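Good morning, and thank you for coming.

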Amino acid sequence: MAKVKSAICWRHVLNRYAMLYFITSNPNKVKEIKELIAGRIAIQHINYEYPELQLDTIEEVAMASANYIRRMKEVKTPFFIEDSGLLIHALNDFPGPFSAFVFRKIGNEGILRLMDGKTDRRAVFKTVIAFCQTADDEPRLFTGTVEGRITDNERGAGGFGYDPIFEYEGRTFAEMSTVEKNRVSHRGRAFMEFLRHCTGKVGCALYNKK
Ligand code: IMP
């Protein structure tokens, strides 16, 4: 079971930001972030779909999205957005920044077909959080990655997106609870980086492994 290491992190964040706005139209991401913070800091979800540009890297997509949002008239700050993607080694890091488009077009079945006969199953999930303290601030980026492998078949009923074909230490993300996934996932790690920035405390951990 995951245990929260220290309340001090949350107090630091609370002192610094009375409210953080998380802008996304993906309810699964909201569920994971809410589970991570477990009510300790105030994060308000703003359900807003912004245009996602097709750029070369996930970092560029996150930066462009945050820049687009901060120029909107009614932007609420401080806000963060996040962009994620799956990078498959044998496919030269495809689908990467095109993960959402590829998932819509061919889904997990299509990825498994592309991986047919490939012995190198290594893959990385990446999340980039882009944070703007005020609308005048350039976005700051926080990255989290996790290394795993692409399975031969879809497994598990939990999670979302590519979770049923991404295996980490023997289980797919879809075979984990949200708490278990958060503890090792790209999103959990990126959020930790973000939290370290908020607290100003490098080395502050969300979870202790039992
Ligand atoms: P985006 O960050 O919304 O652009 O996500 C890109 C694609 O990756 C979408 O198809 C998502 O469903 C998928 N995706 C994002 N995060 C995860 C995750 O944590 N697990 C599985 N799939 C994900």
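What you see is a predicted model. The protein averages a pLDDT of 89, and 89% of the residues score at least 70. Over residues 1-8, however, the pLDDT is below 50, and this stretch has 14 contacts in the model beyond near neighbours in sequence. Residues 201-210 also stay under 50, with 23 contacts beyond four places in sequence.

The largest nonpolar core has 27 residues, of which A62, F80, I129, A130 and F194 touch the most other members. At least two residues each come from β2, α2, α3, β4, β6 and α6. Which element gives the most to this core? It is α3, with six residues. Apart from this core lies another, of 14 residues, including Y162, I165, F166 and M176.

Beyond four places in sequence, A130 is in contact with A62, M63, S65, A66, F80, I81, P139 and L141.

Next, helix α6, residues 186-199. Among the buried residues of α6 are H186, F191, F194, L195 and C198.

Finally, consider N15, which lies in helix α1. Is N15 buried or exposed? It counts as exposed, because it has 10 C-beta neighbours inside 10 Å, and the cut-off for exposed is 12 or fewer. The C-alpha atoms of N15 and I41 are separated by 9.8 Å, although these residues are 26 residues apart along the chain.

Note on methods. Residues are numbered from 1 along each chain as its sequence is written. This is a predicted model: local features need pLDDT of at least 70, side-chain atom pairs count only at pLDDT 80 or more; totals for chains, interfaces and linings use all residues. pLDDT is the predictor's confidence in each residue, from 0 to 100. Two residues are in contact if their C-beta atoms, placed from the backbone, lie within 7 Å. A residue is buried if 20 or more other C-beta atoms lie within 10 Å of its own, exposed if 12 or fewer, and partly exposed in between; C-beta atoms are placed from the backbone. Helices (H or I, at least four residues) and strands (E, at least two) are DSSP runs, numbered from the N terminus. A nonpolar core is a set of buried Ala, Val, Leu, Ile, Met, Phe, Trp, Tyr and Cys residues joined through C-beta atoms within 7 Å.
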